[in-house]
Amino acid sequence: MARPDLYAAEPPSCGKQKYYVLEMLPYPSGQLHMGHVRNYAIGDALARHMWMRGYNVLHPMGWDAFGLPAENAALKNNTPPRDWTLSNIAAMRRQMERLGLSYDWQREVTTCLPEYYRWNQWFFLKLYERGLAYRKNSKVNWCPECATVLANEQVVNGCCWRHEETTVEQRELEQWFLRTTQYAEELLRDLDKLDGWPEKVRIMQRNWIGRSEGALVDFAVVPYEKDPRSPRFDPVTLHLTETILGPVDLPAAITVFTTRIDTIYGATSLQLAPEHPLVTQFSAEDDGLAKKVRELLDEQKIAREKGEVGALEKHGVATGRFVANPFTREPIPIWVANYVLMDYGTGAIMSVPAHDERDYEFAKKYGLEMKIVVLPRQHNDGDGGKSEPLLPYMGEDSLLINSGDFNGLGCQEAQQKMTAYAQEQGFGKSSITYRLKDWGISRQRYWGTPIPMIYCQQDGLVPVPEDQLPVLLPDRIDITQEGGSPLARVPEFARVTCPKCGGIARRETDTMDTFVDSSWYFYRYTDAKNNQAPFDPATAAYWFGEKGIDQYIGGVEHAILHLIYSRFWTKMMRDLGLVKNGEPVERLFTQGMVIKNGAKMSKSKGNVVSPDDMIARYGADATRMYALFAAPPDRDLDWQEDGVAGVSRFLARVYRFATAVMPRAMAGRSQPLPAEFTPLEQKLMRKLHQTLRRLTYEFEGRWHFNTCIAGIMELVNDLTAEESAIAQGAVRDAVLYAATRNLILMLHAFAPYLAAELWAQLGEDSSLLRAPWPAYDERLAAENMIQVPVQINGRLRVVISVPAGSVEEHLRAAALAEQKIQAGVAGKEVVKTIIVPGKLVNFVVK
């Protein structure tokens with residue numbers, strides 16, 4: 001086991017430039033597998049390199065320790081979740097230490113301990129004070145397997161993100177929400193600042209936030225009558241001229257959100273989501289309508305649960321009611337449609353079949369009117385005499401027709417003017433909507449952070465006072481997955497005295513979504529022992545700077561859930577005055593998966609490979625080095641145990657060579673490098689500095705550690721190929737020392753145990769971790785001879801070998817000396833000779 005302070009970061013006062021490198025913290029499931037090892041080996045290699053570059057490195061580790069698997073284990077093994085979790089943490093930490101991962105364990109964070117989740121509760125109270133935490137009835141995603149609520153982001157293709165074959169159901173529950181939508185625009189806008197993030201992650205977040213610009217438009221409700229088109233309907237006032245039948249408590253208007261107000265003259269119906277409150281009102285008066293609406297709800301529910309709402313076959317039912325189109329002053333029918341969702345926009349849409357694909361499909365099925373109000377510019381010269389486009393036509397590079405005073409306008413201009421007109425007339429306004437919804441954090445389970453709220457019979461909702469935090473989880477309870485939260489069945493927890501009035505009250509028994517825990521844990525690492533605050537703002541400011549964590553490493557599967565929530569949390573903390581940065585992460589790296597038997601390596605698929613087994617057979621260095629060598633880190637790695645064995649054999653070669661030359665290398669420690677190298681020495685020094693250059697570039701750029709390790713292997717091959725000559729004294733001691741020492745320094749990031757052993761044998765008494773990274777010499781790395789292609793009329797004929805730095809005259813002469821070139825130009829006129837020194841010679845002939 002490493003010394004506790006070996007990998008400890010220095011205090012901000014050290015004066016060094018900081019570097020914060022972090023891998024996403026794991027859930028303590030019990031055992032690491034090689035998928036974990038790959039993730040952690042990437043971060044460890046980078047951390048070690050940055051230490052050698054002289055940075056003050058923060059490289060911590062912790063545990064995302066709350067969550068459902070602990071409750072499942074409690075049910076299965078009759079083991080309390082806390083005991084099961086802490087036992088797993090101890091086992092996984094031993095594995096990490098055995099792998100030689102360079103974590104600052106003095107900063108370890110465990111999210112299930114009160115010293116951490118106390119601050120979850122503190123943050124919740126701050127959110128509640130600012131109106132960013134609230135409670136409401138809501139239709140929620142319910143996983144029968146988890147027996148709890150899931151956020152929208154935790155539903156994948158209609159199934160639970162943890163239980164990939166369990167269909168998620170829809171239920172109506174009262175839930176706690178956080179107003180992530182209040183930060184929607186900033187979350188979207190600031191994606192443009194995240195140049196160090198993979199573009200695919202930014203696209204995923206941009207699509208999830210889903211900004212839509214448009215207008216809110218009120219369609220006045222026409223009071224119910226048998227024939228709304230009769231003379232009793234006044235198209236100017238939108239009122240009836242005589243007494244009518246039907247309810248008198250209808251709303252004055254139904255508001256729709258549309259991104260295409262320019263097509264409103266083509267609206268031939270208004271469609272409501274089956275869950276719209278007005279549909280409930282209509283259905284109460286019409287049993288036949290109520291029956292059909294229930295069928296639509298069932299269809300929508302099934303589609304939601306399967307994640308197939310977009311592919312839903314369109315069905316609907318007419319209500320017999322009407323609204324008035326505010327632009328045309330004409331009545332249009334109200335329908336209920338299964339493809340209209342209550343949680344998008346207002347739950348009501350204007351249907352424009354000629355210019356919307358879904359509306360067109362619906363109108364064709366039910367024979368609804370279609371009005372063309374937009375034509376492509378090439379179809380429309382203003383006289384209306386051009387041919388009609390294929391419907392539905394949805395292009396915006398078009399002109400309006402059949403649109404009253406707005407005829408002839410381009411779509412975008414019309415959108416602006418029609419929105420302004422609606423606002424002037426009092427029936428509309430511009431609006432922006434988002435696909436992003438508020439974050440539902442209530443979970444009906446035990447193993448999570450208790451929500452610090454109290455329900456008082458007299459005073460209603462009462463926050464737990466800060467001086468009474470943390471609200472502790474009871475240690476031993478009976479856990480079932482039936483009947484709501486297990487905490488509700490623990491009287492000593494649920495029953496409480498109201499801190500405001502002293503009366504009888506009960507605690508909130510839901511716990512927080514575990515993504516709350518992982519939304520801010522990386523700030524706690526900067527000040528992990530603080531018992532007065534989540535962290536010290538000044539210390540966090542040093543480590544996060546203006547842009548956040550220098551390098552964050554984890555799977556792309558967290559692009560939506562964890563990474564959006566953590567961005568929201570950082571912005572919230574900034575507004576609380578705790579941090580100065582507006583984003584948590586400056587650079588993000590998403591590593592590829594480890595694949596075995598054609599599937600992602602995971603415990604649920606039963607295809608995991610334990611690093612313990614690999615370490616026992618091949619050693620820790622070979623195990624972690626294979627994870628970096630088998631594929632570029634951003635690509636998937638196809639697991640092959642033979643590859644680990646191959647890396648182990650390579651490291652054995654390194655050890656044998658290094659120990660064989662060690663006495664002479666040690667003798668060369670005090671000797672300067674010779675002013676002139678022999679040809680063999682020059683060859684070896686060239687390869688050494690080329691390898692140093694490659695590793696330096698890779699660590700600064702794309703992190704193709706596989707090519708770094710391949711370069712080290714090539715260097716070792718060159719060295720071992722000359723063992724006989726070295727043994728006979730053909731390479732001087734000072735050169736051997738330089739080659740051996742630099743080889744050890746390059747190996748350190750990938751094989752730290754072997755590097756440390758050889759470093760000690762070399763007689764170095766300084767810390768290898770803090771040894772300066774060796775600088776490559778471009779002069780020594782330069783090739784003596786280079787390969788240059790020679791072409792005739794752009795077609796390759798031969799490749800010549802010439803001295804590096806050859807001038808044009810030498811290149812032309814060398815090319816013309818080749819028999820293939822002589823034959824190719826014989827009897828022809830050389831019109832032009834194109835020479836790019838060091839790159840190309842091309843003869844243009846005719």
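**Exercise 1. Place Pro392 in the chain and describe its peptide bond with Leu391.**

Step 1. Pro392 sits in a loop, between strand 18 (374-376) and strand 19 (398-400). Strands are DSSP runs of E with at least two residues, helices are runs of H or I with at least four, and both are numbered from the N terminus.
Step 2. The bond joining Leu391 and Pro392 is cis, with omega about -5°.

This is a predicted model: local features need pLDDT of at least 70, side-chain atom pairs count only at pLDDT 80 or more, and totals for chains, interfaces and linings use all residues. Residues are numbered from 1 along each chain as its sequence is written, and side-chain values use heavy atoms, leaving out hydrogens and water.

**Exercise 2. Is Trp703 buried or exposed?**

Step 1. Locate Trp703: the loop between helix 18 (679-700) and helix 19 (705-721).
Step 2. Read phi: Trp703 has a positive value near 65° and is not a glycine.
Step 3. Apply the cut-offs: buried is under 20% relative accessible area, exposed is over 50%, and partly exposed is in between (1.4 Å probe, protein chains only).
Step 4. Trp703 is buried because its relative accessible area is 5%.

**Exercise 3. Classify Arg329 by its relative accessibility.**

Step 1. Arg329 lies in the loop between strand 15 (316-324) and strand 16 (331-337).
Step 2. Its phi is positive, about 65°, though Arg329 is not a glycine.
Step 3. Arg329 has 31% relative accessibility, so it counts as partly exposed.
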